[in-house]
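Me: I would like a close look at one part of this model, the pairing of its charged side chains. Please take it slowly, and then carry on from there to the surroundings.

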Amino acid sequence: MIRLEGLTKKFGEREAVRSLSLEIARGEVFGLLGPNGAGKTTTILMVIGTLVPTSGDVHIDGKSLGDDPSLRRRVGVAPQALALYEDLTARENLAFFGGLYGLRGRELNAAVDGALEMVGLRDRAGDRAKTFSGGMQRRLNLAAALVHGPDVLLLDEPTAGVDPQSRNSIIELVRSLKGRGTTIVYTTHYMEEAQKLCDRVGVMDRGSMLAMGTIDELLRDHGGDSVVVYHDAEGERKVVTRDPAAEVARLIERGVRSGLRIDRPDLESVFLNLTGRALRDGGAE
Amino acid sequence: MNAVIRIAMKDLRLLVRDKADAFFTFVFPLLIALFFGYVFGGGGGEKSAMPVAVVNEDGGASSKWFVEQLSKAGGIEAKPAETREAGERLVRRGEAAACVIVPQGFEDSTKKVFSGGGMRLEAIVDPKRSAEAGLLEGRLNELGFRLLSRAFTDSSMMNSFLDSARQDVAKSAGLSPLQKGVFGTFFDSVSSLTKEVTSRSTVGDTNDGETRGGESKEGAAGGSAGDTGGGFRPVTVTMHELQMNPHSPNNSFAVSFPQGVVWGLMGCVMAFGVSLVQERRRGTLLRLCVAPITKDQILLGKAAACFASCVIVQVILLVVARLMGVKIGHPAIMAAAVLASSVGFTGVMMLLAGLSKSEGAAQGFGRALLLVLALIGGGSIPLFFMPKLMQQISSVSPFKWATIAIENGLWRADGWDAMLLPGGVLLSIGVIGFWVGRSAMVRSRHSYDYL
Ligand SMILES: Nc1ncnc2c1ncn2[C@@H]1O[C@H](COP(=O)(O)OP(=O)(O)O)[C@@H](O)[C@H]1O
Ligand SMILES: [Mg+2]
């Protein structure tokens, strides 16, 4: 449904995105995971047609978003930079954006109510956006992407600068949208989110896609060894292994019971193995 | 079109909600207009002295006294001139706001205040500076009353007045002996009263100046000394306008409200220019761009909001100006002027937004530049008070053309011809500004701006 072919963006000498190719299926949740400066936002901006690629192409259903207004009706975007009017209320913000998609009157009201409900801001609908916490503004930003009922969603760091409670409610919301068959591109530098939400994840760093696949595939190919932990008379013991299931079976056979657990690799270790750096330590800058 | 209106309405709503923006757009210009109107109107306490050429064609004691007092009078900087022509030249060159002439026979006329005629003065005024001329007339009358009150407290002077009056009465053929007797008794009692009075004049007259055809206006205008006494006209100032020009502002608010318009337009440009830069910098413009509308609809929406608020602020100013007694001489021209200046300054707004790379640039550099343009364009000193050179320099300021257009609607124009230049300049600024600003914004999509 969404196709990127050799997508490249240069800002002067710096290559923000280097020859990115991928295809996202209908109904899929695709995660772009990478530290700050990886090129995630640049990629999103090229997908929505507001940034002209230096080379390469983007197509949604075979068409380019920049050229086709009717296609734009089916797409919702929550930019990383908050797209809110701070002096308008939550309801007014959503009604304004909904109106731009041709929604009117009752239909518009219902859409606005629905979006407010989804992000849990109904009781704050009449308050100005500038009075909201960071987490509430993020949620409203998300609601503005949803209000016209798109079937493709591009969410650029929808949990940036958000408290844990708002983060959970955003993750739940994305899950429920996924349940309705919405195609979602989700960028983040939090591997837990990618791991929880995404069908497939692309790991980006310094403009390049380092690896792409399902979580299991990534863990298998790039996660490295698991660690099996157990207790014996001398205390905690760790065994590093490629095949944790076989190792556990062997330990049980030997009569080990106490404190037995498997520490599997996660996307953090995938990133570490791919780049030699920890994801959290940040980006290229 | 619908999207354009939606965007415009959204922006107007934001403008009203932002207290600072709303203040500088709608309230501040009004305060400026009222403040300057009050100051020009003479209510403003200390002012810098108005240069006035003074020619004394008489030579008597009273005329000397009068000229002396004129030099000492606050707010007037007297510039002695030898002849009427020399004084007129000072006015022409803009070195004096007016030329006061104490004509031959002034001395005599002071003695005839009680027997008709009264004191006669002449003044040559620059019609473009009639606000100042009005002030001057007030001062002359004030001095006239002081001269009179001096007579009441100076018995020798009063006696010479009365002698002159007695002679006139005695010579008069139209008076019966009885009437002559009544006057004699009256003169005697005035004479003895003068001896008793020590201070404070009780004579006054507040007749407004009236126009008597021809090229001169005669006014026995009111002074501020003493109470009103009916029918008594001691000072007559004959005004000669330097060139015939029937068009001059009818009161000081007619001068100050175009200034208010300058600040109102400035407020609109800043509010919408900065908000457009903000939208480019933050996520909202990106969000607008992914909606199913064109970039031109987005920019037109912004422009429409700016245009509407330019119109609104001018209408508000004009309504208040009407309440302050300003006459709108040419309503149709005024409507055209309001529309033209709104178009022009919408273009200025687009230019500001297109050329500012950041909010800081718009707020800092943009505001500073606009401020200078507003100041030289009539925002502080009215255009026609400016020296010639300054008037020429100010042509680079779009504010000047808006000021002229608005003044045309109030009092300046003799007809639509007068609108051709300012109207053309403003419309061109509007079209060019929109186009240049638009291309700057659309071009910048190659970098990180979202349009
Ligand atoms: N307009 C621009 N001009 C120059 N460099 C840019 C511009 N936009 C982004 N970049 C650079 O491109 C790289 C990728 O940025 P971005 O896509 O925002 O990363 P991410 O969203 O993954 O944090 C960064 O090094 C950033 O500095
Ligand atoms: Mg980003």
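Reply: The model is a predicted one, and every value below was computed from it. The side chain of A:R26 meets that of A:D61 in a salt bridge, at 3.3 Å from N to O, and A:D61 is partly exposed, its relative accessible area being 30%. The two partners are 35 residues apart and come from distant parts of the chain, since A:R26 sits in the loop between β2 (14–24) and β3 (29–33) of chain A, while A:D61 sits in the loop between β4 (55–60) and α2 (69–72) of chain A. Side chains of opposite charge can pair when their charged atoms come close.

A further pair in chain A is the salt bridge between A:R74 and A:D151, whose closest N and O atoms are 3.5 Å apart. This pair also links distant parts of the chain, 77 residues apart, with A:R74 in the loop between α2 and β5 of chain A and A:D151 in the loop between α5 and β6 (152–156) of chain A. Both ends count as partly exposed, A:R74 at 24% relative accessibility and A:D151 at 32%. The two pairs belong together, because A:R26, A:D61, A:R74 and A:D151 are linked in a network of salt bridges, where a charged nitrogen within 4 Å of a carboxyl oxygen is what counts as a bridge.

B:E279 belongs to helix α9 (residues 252–281) of chain B and B:K10 to helix α1 of chain B, so that the bridge links parts of the chain 269 residues apart. B:E279 is buried at 4% relative accessibility, and B:K10 is buried as well, with a relative accessible area of 5%. Over all chains, a search of the whole structure finds 32 salt bridges.

Two of the salt bridges lie across the interface of chain B and chain A, and B:R17 forms a salt bridge with A:E92, with the closest N and O atoms 2.6 Å apart. At this interface 26 residues of chain B are in contact with 36 residues of chain A, and the area buried between the chains is about 2800 Å², of which carbon and sulfur atoms give 62%. B:R17 returns here, for together with B:R287 and B:P292 it supplies 26% of the area that chain B buries against chain A, more than any other three residues.

A:E92 leads on to helix α3 of chain A, being among the buried residues of that helix, which also include A:N93, A:L94, A:F96 and A:L100. Nine of the eleven residues of α3(A) are buried, and the helix is thus mostly covered. Its buried residues pack against α4 (105–118) and α5 (134–146) of chain A, together with α1 (2–17) and α10 (284–290) of chain B. A:L100 in particular touches several residues of chain B, among them B:R6, B:I7, B:L288 and B:P292. A:L100 and A:L94 are, with A:I2, the residues that have the most contacts inside the largest nonpolar core, which has 93 residues. Helix α5(A) gives the most to this core, with seven residues.

The protein donors of the magnesium ion (ligand 2) are A:T41, through OG1, and A:Q80, through OE1, lying 1.9 to 2.1 Å from the ion. A:T41 is in helix α1 (residues 40–47) of chain A and A:Q80 is in the loop between β5 and α3, so the pair ties together parts that are 39 residues apart in sequence. A:T41 counts as buried at 13% relative accessibility, whereas A:Q80 counts as partly exposed at 31%.

The model scores ipTM 0.85 and pTM 0.71, and chain B averages a pLDDT of 78, with 80% of the residues scoring at least 70. Over residues 198–233 of chain B the pLDDT stays under 50, although the model has 76 contacts beyond four places in sequence for that stretch.

Conventions: Residues numbered from 1 in each chain as written. Chains lettered and ligands numbered in written order. Heavy atoms only, no water. Donors = N, O, S within 2.8 Å, 3.2 Å for Na, K, Ca; no water. Helix = DSSP H or I, 4+ residues; strand = E, 2+ residues; numbered from the N terminus. Buried < 20%, exposed > 50% of the residue type's maximum accessible area, 1.4 Å probe, protein only. Contact = heavy atoms within 4.5 Å. Core = buried A, V, L, I, M, F, W, Y, C linked by side-chain atoms within 4.5 Å. pLDDT = per-residue confidence, 0-100. Buried area = accessible area lost by both parts, 1.4 Å probe.
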